[in-house]
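Q: Hi! I'm new to this one, could you walk me through it?
A: Happy to, let's bring it up first.

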Protein chains: 2
Amino acid sequence: MDQMHSNALTQKLSKFMALTAAEIETLAGVAQRKLTLSTDQGLSQQGQANSAAFILTRGWAFSYILLHDGSRQIVDFRVAGDFLGLRGLLSPMSDLFIEPLTDVEVTEFQIGELLGAGTKVPRLMSAILAGIARDQAITVEHLVSIGRRGAPERTAHFFLELGARLEEAGQGRKDNYACPLTQYHMADALGLSAIHINRVLRELREDGLLTFRKGEVFIDDYDQLSKLAGFDPGYLRAKTVF
Amino acid sequence: MDQMHSNALTQKLSKFMALTAAEIETLAGVAQRKLTLSTDQGLSQQGQANSAAFILTRGWAFSYILLHDGSRQIVDFRVAGDFLGLRGLLSPMSDLFIEPLTDVEVTEFQIGELLGAGTKVPRLMSAILAGIARDQAITVEHLVSIGRRGAPERTAHFFLELGARLEEAGQGRKDNYACPLTQYHMADALGLSAIHINRVLRELREDGLLTFRKGEVFIDDYDQLSKLAGFDPGYLRAKTVF
DNA sequence: CGAGACCTTGATGGCTATCAAGCCGAGTGG
DNA sequence: CCACTCGGCTTGATAGCCATCAAGGTCTCG
């Protein structure tokens, strides 16, 4: 089995730095198990019990929090190459759920083992932290969007970020990618109602900026849309600390 | 013992687990420098250049992002015992600023040295990650608040969280604490206008739930306010991974 | 063909921003 | 000592963004 190429952790961490043979070797010592899950199988409980986290290798997933009144806030969408379930493992968020959005393929590993590898090889720890930090930057930018951008700007920013992340993951182009979200998902992620999302999408389409149709996003005028959203992809860049 | 108490890192990490003598010894090897800063001295640039981060030991600070249109989103307020400047160091957020809100006392350290200590003693790394994860949980809860709670609920939640954090830091009681924020700060943190914050505060006061007056918060009916906000402090609990 | 999930559009209303004005207290300088 | 300024707080009036309610359309699938 050509385990090297199929090693999701190696692929993930090498995005943040060039890994040496020794580092790859160390990572290979972290047991990984590939799983395939379909839409109806929640991921929330999968990891919690046995301290397992995942790397998403195919498909989309999302994490969300349910409020007492039944409303839902989607915290983030996860695509190929993203960590999954790490946040809930490291911090005790109650009512944090993770669900596949499409059929997904994930690679499971023990968080303790990964950190053990990082302890043996500090550069690996640096890469792990870079991954965590990038996710945090995405969350912060999300917070800014909801807090201080109007609905059209917010929506525009959302699709621009997704495009940038998907292109980086080799899952499409930043201005044209498959997107399995419903308008209800977008609404719960962006803090809007689905009805209003619908109107905003129409407006963006009529303005020749962005078209969302049948699970596909076309960004018709990338520059104008970026300008509208105030989108600066700097926060998606990797950065390592030592 | 006295030495322990003067070591900000030891104090911080011991919140997440009981530290052994050997672990305290290792932490003592991380150089720390105490600084005092006043309101007009930004902290943003202080760390970036030389990879320094801080622990806030006295006073309040806050981090925020400036948008192109001049509006501001405050990401979080930091109080005694909190990490400061770690996020900007680990991830490349542009336009992320940190400012003291009062005169502050901070303990500076090199992030590389701290992680070095964590590499030598895995349990320390676990505590560091627990600290990072807690901050992340706070950010996520903030996101939920802005995305899916109305202005009164959001404001209530905000003061309840602050109270819980301050009490834990030994800076007051969860239902009565000093709070140097202006209504403009609250507005930019909560995604509202200062004018509306003012009206919400009046409403909460008239309902006998919470009083904010001259830099002091009184929570008049803790249970009712918690119920209104849907506040569940679970996300503030520490949690270690191994 | 019926059901269900999702999308679309119109009408209405409410929550919150914005504009405008004034108040208060603290610091400052004439 | 007192006007002056400035930051912060307060309140009223108006407007607009977006939620909600209602209804119907389209598509897929059993």
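Q: How many residues of chain B are in contact with chain A?
A: There are 48 residues of chain B in contact with 48 residues of chain A. Do keep in mind that this is a predicted model.

Q: And what area is buried between chain B and chain A?
A: About 4,600 Å² is buried between chain B and chain A, with carbon and sulfur atoms giving 69% of that area. Pro92(B), Leu143(B) and Arg148(B) supply 17% of the area that chain B buries against chain A, more than any other three residues.

Q: Why give an area at all?
A: The size of an interface is often given as the accessible area lost when the parts come together.

Q: OK. How many polar contacts and salt bridges cross it?
A: Between chain B and chain A the count is eight residue pairs in polar contact. The rule also finds two salt bridges across this interface.

Q: Which elements of chain B touch chain A?
A: The elements that give two or more residues to that side are β4 (72–78), α5 (86–90), α6 (111–120), α7 (122–148) and α9 (183–190) of chain B. The largest share comes from α7(B), with 17 residues. By class, the residues of the side of chain B that touches chain A divide into 23 nonpolar, 15 polar and ten charged.

Q: Back to salt bridges. What does Arg148(B) meet?
A: The side chain of Arg148(B) meets that of Asp188(A) in a salt bridge, at 2.7 Å from N to O.

Q: And what about Arg148(A)?
A: Arg148(A) forms a salt bridge with Asp188(B), and their closest N and O atoms are 2.6 Å apart. Arg148(A) lies in helix α6 (residues 122–148) of chain A while Asp188(B) is in helix α9 of chain B, so the pair joins two chains.

Q: Are those two buried or exposed?
A: Both Arg148(A) and Asp188(B) are buried.

Q: Which other residue does Asp188(B) pair with?
A: Asp188(B) also meets Arg72(B) in a salt bridge, 2.7 Å from N to O. Asp188(B) is in helix α9 of chain B and Arg72(B) in strand β4 of chain B, so this pair ties together parts that are 116 residues apart in sequence. Arg72(B) is buried, as is Asp188(B).

Q: What about salt bridges inside chain A?
A: One of them links Glu161(A) and Arg165(A), with the closest N and O atoms 3.1 Å apart. Glu161(A) and Arg165(A) both lie in helix α7 (residues 151–168) of chain A, four residues apart, about one turn of the helix. Glu161(A) counts as buried because its relative accessibility is 10%, and Arg165(A) counts as buried at 4%. There is also a network of salt bridges linking Asp76(A), Arg78(A), Arg87(A) and Asp135(A). Over all chains, the count comes to 28 salt bridges.

Notes
Residues are numbered from 1 along each chain as its sequence is written. Chains are lettered from A and ligands numbered from 1 in the order in which they are written. This is a predicted model: local features need pLDDT of at least 70, side-chain atom pairs count only at pLDDT 80 or more; totals for chains, interfaces and linings use all residues. Side-chain values use heavy atoms; hydrogens and water are left out. Contact means heavy atoms within 4.5 Å. Buried area is the accessible area (1.4 Å probe) that two parts lose on being put together, summed over both. A salt bridge is a side-chain nitrogen of Lys or Arg within 4 Å of a carboxyl oxygen of Asp or Glu. A polar contact is a pair of N or O atoms within 3.5 Å; within protein, one must be able to donate a hydrogen and the other to accept it, and residues adjacent in sequence count only if both atoms are side-chain atoms. Ala, Val, Leu, Ile, Met, Phe, Trp, Tyr, Cys and Pro count as nonpolar, Asp, Glu, Lys and Arg as charged, and the others, Gly among them, as polar. Buried means under 20% relative accessible area, exposed over 50%, partly exposed in between (1.4 Å probe, protein chains only).
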